[in-house]
Amino acid sequence: MTRKVVDCRDTPSVSGCTLTISGEEDEVVRAATEHAVSVHGHTDGPELRQMIRESLKDEKVGV
């Protein structure tokens, strides 16, 4: 299974957050949602989770 990654630097924010989260897709969506709510003040809901899921990228593995 390909690990997924979400990086706050890909989404401009006032705070300039640099957090990167990687892992299995559902883990990343769950953790990124909690982070978006607690740090960035977003409201948890299906729209936020879908937006996060759509922004996931495959983790690049170094050789």
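This is a predicted model: local features need pLDDT of at least 70, side-chain atom pairs count only at pLDDT 80 or more; totals for chains, interfaces and linings use all residues.
**Exercise 1.** Classify the packing of helix H1 (residues 25–38) against helix H2 (residues 46–55).

Solution. 
- Two packed helices are described by the angle between their axes and the distance between the axes.
- For H1 and H2 the angle is about 125°, and the axes are 9 Å apart.
- Angles of 65 to 115 degrees count as roughly perpendicular and those over 145 as roughly antiparallel; H1 is therefore oblique to H2.
- The crossing of H1 past H2 is right-handed.

**Exercise 2.** Identify the largest nonpolar core and the element with the largest share of it.

Solution. 
- The core has 9 residues: Val6, Ile21, Val28, Val29, Ala32, Ala36, Leu48, Ile52 and Leu56.
- At least two of its residues come from each of H1 and H2.
- H1 has the largest share, with 4 residues.
- Beyond four places in sequence, the core residue Ala36 is in contact with Gly41, His42 and Leu48.

**Exercise 3.** Decide whether Thr18 is buried or exposed, and describe its surroundings.

Solution. 
- Thr18 sits in the loop between strand S1 (4–7) and strand S2 (20–23).
- Its relative accessibility is 54%, so Thr18 counts as exposed.
- Neighbours within four places in sequence aside, Thr18 contacts Asp7 and Arg9.
- Thr18 and Cys8 are 10 residues apart in sequence, with a C-alpha to C-alpha distance of 5.5 Å.

Note on methods
Residues are numbered from 1 along each chain as its sequence is written. Side-chain values use heavy atoms; hydrogens and water are left out. Axes are lines fitted to C-alpha atoms, for helices over the stretch in contact, and angles run from 0 to 180 degrees between N-to-C directions. Angles under 35 degrees count as roughly parallel, over 145 as roughly antiparallel, 65 to 115 as roughly perpendicular and the rest as oblique. A crossing is left-handed if the near helix is turned anticlockwise from the far one by less than a right angle, and right-handed if clockwise. Buried means under 20% relative accessible area, exposed over 50%, partly exposed in between (1.4 Å probe, protein chains only). Contact means heavy atoms within 4.5 Å. A nonpolar core is a set of buried Ala, Val, Leu, Ile, Met, Phe, Trp, Tyr and Cys residues joined through side-chain atoms within 4.5 Å.
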